[in-house]
Amino acid sequence: MIAWITAVAQAVLVAAVAPLLIGFMRAVRARLEGRAGGRLVQPWRDLRKLLRKEPIIPADAGMIFTAAPLVLMATSVLVAAAAPYLSTGGPLSGVADLIVVVGLLLLGTVALALAGLDTGTAFGGMGASREMTIAALVEPTLLLAVFALSTRVGSTDLGAIVAAGAADPAAVFTPASALAAAALAIATLAEAGRLPVDNPATHLELTMVHEAMVLEYAGRDLALVEWASAMRLTILLGLLANLFIPWGVASSPHPAALAVGAAVFVVKLAVLGGLLAAGEVFVAKLRLFRVPELLAGSFVLGLLAVVASAVLA
Amino acid sequence: MNEVAAALAVAFALAGVGAAAGWAVPARGRSTVAGAATAGVGAAGAAAGLAAVSGTGWQGHLPDLLPLAGVTLSVDALAGWFLLLVGGVAVVVGVYTVGYAGRGGHGPASRTALAVLPVFVAAMLLVPAAGSVSTFLLGWELMAVTSLLLVLAEHRHSPAARTAGLWYAAMTQAGFVAVLVGLAWLAAAAGGESFAAIRAAGPELSPVVSGGVFLLCLAGFASKAGAVPLHPWLPRAHAEAPSHVSALMSAAMVKLGVYGIVRVGFDLLGGGQRWWWLLLGAFGVVSALYGILQAAVATDLKRLLAFSTSENVGLILLGLAAAGLWTDAGEHAAAGVALAAALLHAANHAGFKTLLFCGAGSVLRATGTRDLDELGGLSRRMPATTLLFTVGALGAAALPPGNGFVSEWLLLQALLHRAPEAGMVVTVAAPVAVAVVALTAGVGVATYVKALGTGFLARPRSSAAEQAVESPRGMLAGMGLAALACAGLAVAPAVAAPALDRIAGGLRTGIAPLGGSGVDVRLSGIASTISPLWIGVGVVGLAVGFAGAARAVGRARRRAAAWDCGDGPLTARMEYTATSFAEPLQRVFDNVLAPEQDVDVTHPSESAYLVRSVQYRRRLPDRIEARLYQPMVTAVDRVGRAARGLATGSVHRYLAYMLAALIAVLVAGVIR
Amino acid sequence: MIDQLLNLACGLFLLSAIGVLWRRELSALIALLTVQGLALTGIAVLLAVDRHSVETAAVAVGVGVLKAGLLPLLLRRVLARVPEARETAPLVNVSASMLAAAGLVLLAYAAARPLVALAPTSAAQAAPVGIAVVLIGFFLAATRRRAISQIIGVLLVDNGIAAVAFLATGGVPLVVELGVSADLLLAVLVLQVLTARLHAAFGDTDLDELRELRD
Amino acid sequence: MPPSLALYLPLAAPIAAAGATVLLGRRVAAWVGVAGAVTILATGARLAATVHDGPDVTSGLLRADALTAFMLIVIGAVATIACWAGVHHLADEAPEPAAARRYLILVQLFLAAMSLAVLADNLGVLWVAVEATTIVTAFLVGHRRSRASVEAAWKYVVLCSVGIGIAFLGTVCVYAAAVAAGAHGTTALNWTYLASHTAGLDPDLIRLAAGLVLLGFGTKAGLAPMHAWLPDAHSQAPAPVSALMSGVLLSVAFYAIWRYKAVTDLVLGPGYTRTLLLVAALASLTVAAVLLIAQRDYKRMLAYSSIEHMGLIALGTATGSRLAITAVLLHVLGHGLGKAVAFCGAGQLLRLQGSSRVAAVRGLATRQPALAGTLGLALLALLGLPPFSLFASELGIARAGLSAGQGWAVAAAFGLVVVAFAALARNGAAMLLGEPQPTTDPPTSSGRPRAAAIAPLAVGLAAAAALGVSLGPLRDLLHAATTTIVAGH
């Protein structure tokens, strides 16, 4: 029962924090670029506005177009509930492991890609094609990182991995772990559609990836897409944080521990988000056909991590 | 005579009756009779399989059938698994056939093509039920010849079908001979041709014999399974056969290649040396990668599905290889999981590939084309088919909560298992395998997004697609059955756990890999669990919940012309096609796929600097076929032409041959 | 005395075969075949005398009639109907044929060793001659272009075998001998008819022209 | 009917039928010919019932053991199909009465000669009978008197006469050895005597004889490199005669090899003949495979397929174990039936098409479903696919070969079989499948073959398929026949 409550709490927390994280990152970036920027809660306001607007769908779109935001949202919430953000006990331990998380996130991507194709527009198809290409290439890196992380513990169970890290922090700071972290970080950028793989703020159609897919959404559909996307970034950053900075995650379902866990989680998110936003100031988007090179690099990092974990451990 | 024997007897009898009836009844009722017979044979086979996987074995010997050998049948849990698989697919295809192949249907209504169908299924049931080398080979060859007749069903109007039939005939016969020599060698070395005798002698065979036998059998079985580079028949035959036949071949027949490897490698030879499994793993890796890359760039829907079969077979082989390697290393728990992953994936693939090929058949029937570039817009015209195809695609893309995901998860668990004492080769091979599985999964997702997105969604890109209508109820019913099976395997794979445990236990691993599974899938020896049911319920429940919530708070949707950055008005010509969708992936894997591109620029007569028209052509031939098989075919043809010089028609030359032979015999007598 | 005569007959038998290889006029070939038939008859007669066997004597008479009389007669009739006098261009020229014949004779002697070793009579000693003639006949058939030459090659093979039969065993059982002779006669009759048809169909009996059926 | 009388029936019946032909009309004579063939089949069955578990039946020069009975059944079965199909062949071709009469007489004499070959106890008489088959079939091959058929007949007679002469030389050697061992007169060449008195036979001479006999009868059996007459003769003969020549004559020649092998193996051990047979088997399979690849004539294609099957039979004979010989015998029967159907079907096709070129036939399955079905099934049977009996026998040959440690030979042989398979399949597909070209229908085509003309072919296919499912009563006979060949080992 407590596990269920924790899961719901996690989902609510992630859902609540995600737009704030986006707002925070925009603010950091604006500050670094010397702009005033919006306020922290601006994304929340955008969502509220969108939810009130009339949803318009393209004439040729079918049921997939309307279903995609729901699927995207559902997968994001499910992952948010299942992954160990607040407690290593694994709120839904035994339901989903790291591979399932990867799979669920991919399912969300697929839903959006199909929606992009369903619009029948050139941009929708273009975005879908690019997004799926990137997703296909990210997959090996993600699973190799999973491999490197799981060999240490002998399980792909996220809770177990985080708990092991928390219990023995020294084990986290191994070469294998560092390499895995680097690989996973690049994969996160690609999955979440951040620079240098994709520019979330672009308004030039030809360079769009994620945005091209969702061009035709409006109203509450768009709100769901935006919200879910923000949650995905939160989820990924949160995972990165708890896997490689395992302190502060509650090891028991005690409310106080959970509260501390939540606070630490938010702080970690802020730090990582700030770093990411700061980094994005200094890089430009890669040409689409240079992206595979970046992903190949991350793949090599992942492979090295695995080999290191096998040989050095 | 227990229930397995009874069910098998019913299956074979029904096949005979069905074939005769399919031959005799007039064209109007033919598809109904043949379809019903096929479904009946399948149901009886599945019943036999169900009994066998529940622990009821059966052995029988019919000495008067098959001269010089007799027919020996032996059904254990492993055989039962494949009987169940073949039978299940046949039930679906039988129901589908009634609507598909009938009058007004798209499929062939010829006597042969329909009468052979139940016999083909019976032959596929005979293969796993066989208990001796001769019986196995009989089933194998019957299966080959019946499927060949079915592939050729549309020979009259399709030159491609004839070519496909020829490729299939030649390759399947070559594979048969490899298996024949291998198994006959094994029987000779073991001193008996019944599986029981071989099993008893198997582990004592010399490594040369067992290695040779394994290589020969592997060549034949891997070719039947469509493993790259022994695959060229597969994309041709699966694409050109009528779709219900493609479904049977791709979902069921190909699996019997897998069955052969398990039966010979694990059971009869009793495991083996490490290099066997590394070789098998190499087959798996190459098949998975090459298959999915070709599928990703294919624009022919059935060719895409066919190459995807190669990919899935690659994953299954990878699982088997892992099982062999882990057994060799003494890691029995991981070996059991790997074996379970392979077998479960075989079943999952059977489920979703039946569905997908039947779906492709419905599309073909409705539009007359398999070219994804010419399709589109079917989701509004054929909503039920689209929904069913989506279920299949979800499974094929190995995404949760589809059924393919569970077996790929198991496979990954087996590959992620770490055993430092297993040696360096395995330590390096395992992550490579994981990376390959992951890349395969990623590209596979892109492939099925392409198939679904460009084939079914958005606007129709041809008048044929525009005029498509929904399939008749019989076809939808067949596909519905397959979809139900997929859903069942997706949310409750644990129902298969006792069967898989029994199979793994029977193969000397002595382990029950999925022992503790209930709602969750729990592994013995590996501390990972998932709960497919809760994942499925979670995704669907949350999505439905959000839909309700959004509708409650928001306003009603309105349709309007697509914005498309203000570009409009849109035409179907502006859509992304399958070709354009796959273009980035094709560019990334340019070196592997080696597309052939031609750009022809024509100039007006006035000036060479002006351009009148540009013509761009791109072809993506199967590179392995072009580089490996075409030269072989050319060489054989050259030998054939050169050999005409042996028979010039000169009587003197012929006499000289004889004189030379006489002198040789005399000289041999003198020298001795 | 008989041994010497036997050796003489065998020598004549082999020489006539080599002569067939040497000459080109078809009429001369037929004459040589007659000589060979006579030599074979001689061998049979000598053996009959040696063994005091009436049966062999009867066979000898039959052989004489068939091989020295009937078959050459048939061939002459063919020659009369097909006006080609010479073996113009054998596929292997005469001198090379001679060398080949020498080699074949040597091979025959080597190969016939078991026959000789089995029965150390003087007749058996000569058995290799028969095998040599078989090989020469074979060679003739394989290198000569005229239909008649090829028939003669076939007959040489047959004479050689008959010689082996007489020399090594004193002749095969009568019933077999009768059957073999009947077969031989019929075969030559068939070939005679076919030669005529060849001539009618191709206007020639050059066997190298027979190239319609190939591959 | 007493069994000893049954020995003469297979000779008397066809000769009587031949005689009756002189008196009767063409149609009736053709059916009388069928009766002659059926008599051989029935006599074979009658003898089989006696000899499969009892003593041999002997009368004068003739003798029947299980192998003889089996071969009579093969001859009778194939001849029944060929003569039955021949009735329609004659009706369709409608040759001049004299030619038709000559054809019918020669076919019956041919059957009598083959029956004599398998019934003769004396190896010399066996030789005479085999040579007699050459003589009677010479005019059947040259039946049509075209340039091609005269050419084929010439090559056939010359090559076979010379080749079979070598076999006679071998027979003489055996006789010499037997005489030297103390045998007298006709008895010395009796197979029963030789097989039971091998002790005194000189091994060196028997060795020489074995090689010569194999070469000689190998020529008649179509083994490479003595095979060259076969494609010409089989492609030029009228279809029913091709069926008989390909279906049984080759096997009758092989029958002679088995008889000799049974004797020589007792003297020499199996090694020598095995080596020779293996070389011949692989050479035959190679020749057949490479020449099938670029084959453009469907009757020659079937002829080369016969060479391929003779290669397989030689392979099984080389192996020589019980399983191998049983498989070889079954192969002989299966091949006889399949090839008879294929050649008779090809004959009907030739009549409809006016050309035996593969390229001239397109889309037969659409144009002539019954004929195409028959031809296609016959082709499947000849390719060794189940349910036809060639599948079981090829499987048996392979298993036996591997058990005897001849894995490399079996592997090489079956590798070549795959090449032949692909080549046959390619040509078969080119002829049967696809859209018929309207222009390929020549004016001579006079509609479809009647159902009656297809009937004998369907019966042949049904028999071949039934044999592939179960041997039934033939089982004991096959085992007894095997014993006569393998008894010595």
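Domain bounds in these legends come from an automatic or database domain assignment. The model is predicted: local features need pLDDT of at least 70, side-chain atom pairs count only at pLDDT 80 or more, and totals for chains, interfaces and linings use all residues. Residues are numbered from 1 along each chain as its sequence is written, with chains lettered from A and ligands numbered from 1 in the order in which they are written.

**View 1. The two domains of chain B.** Chain B is assigned domain 1 (288–514 + 570–591) and domain 2 (623–671). Taken over C-alpha atoms, the centres of domain 1 and domain 2 of chain B are 47 Å apart.

**View 2. Strands β6 and β7 of chain B.** Strands are DSSP runs of E with at least two residues, and helices are runs of H or I with at least four, numbered from the N terminus. β6 (residues 596–602) and β7 of chain B pair in the antiparallel sense over 7 bridges; pairing requires at least two bridges found by DSSP. Asp600(B) has Gln615(B) in β7(B) as its bridge partner. Of the 7 residues in β7(B) (613–619), the count of buried ones is 0. A residue is buried if 20 or more other C-beta atoms, placed from the backbone, lie within 10 Å of its own.

**View 3. The nonpolar core around Leu144(A).** A nonpolar core is a set of buried Ala, Val, Leu, Ile, Met, Phe, Trp, Tyr and Cys residues joined through C-beta atoms within 7 Å. The largest one has 734 residues, and Leu144(A), Val434(B) and Phe70(D) are among those with the most contacts inside it. Both domain 1 and domain 2 of chain B give residues to this core, so it lies between them. Leu144(A) touches residues of chain A, including Ala183(A) and Phe299(A), and residues of chain B, including Pro431(B) and Val434(B), leaving out those up to four places away in sequence. Contact means C-beta atoms, placed from the backbone, within 7 Å.

**View 4. The contact between chains B and D.** Chain D contributes 58 residues and chain B 50 residues. On the side of chain D that touches chain B, α18(D) gives the most, with 13 residues. This side of chain D divides into 41 nonpolar, 12 polar and 5 charged residues. Ala, Val, Leu, Ile, Met, Phe, Trp, Tyr, Cys and Pro count as nonpolar, Asp, Glu, Lys and Arg as charged, and the others, Gly among them, as polar.

**View 5. Chain A.** Chain A has 12 helices and 1 strand. Of its 313 residues, 65% count as buried.

Key: Buried ≥ 20, exposed ≤ 12 C-beta atoms within 10 Å, placed from the backbone. Contact = placed C-beta atoms within 7 Å.
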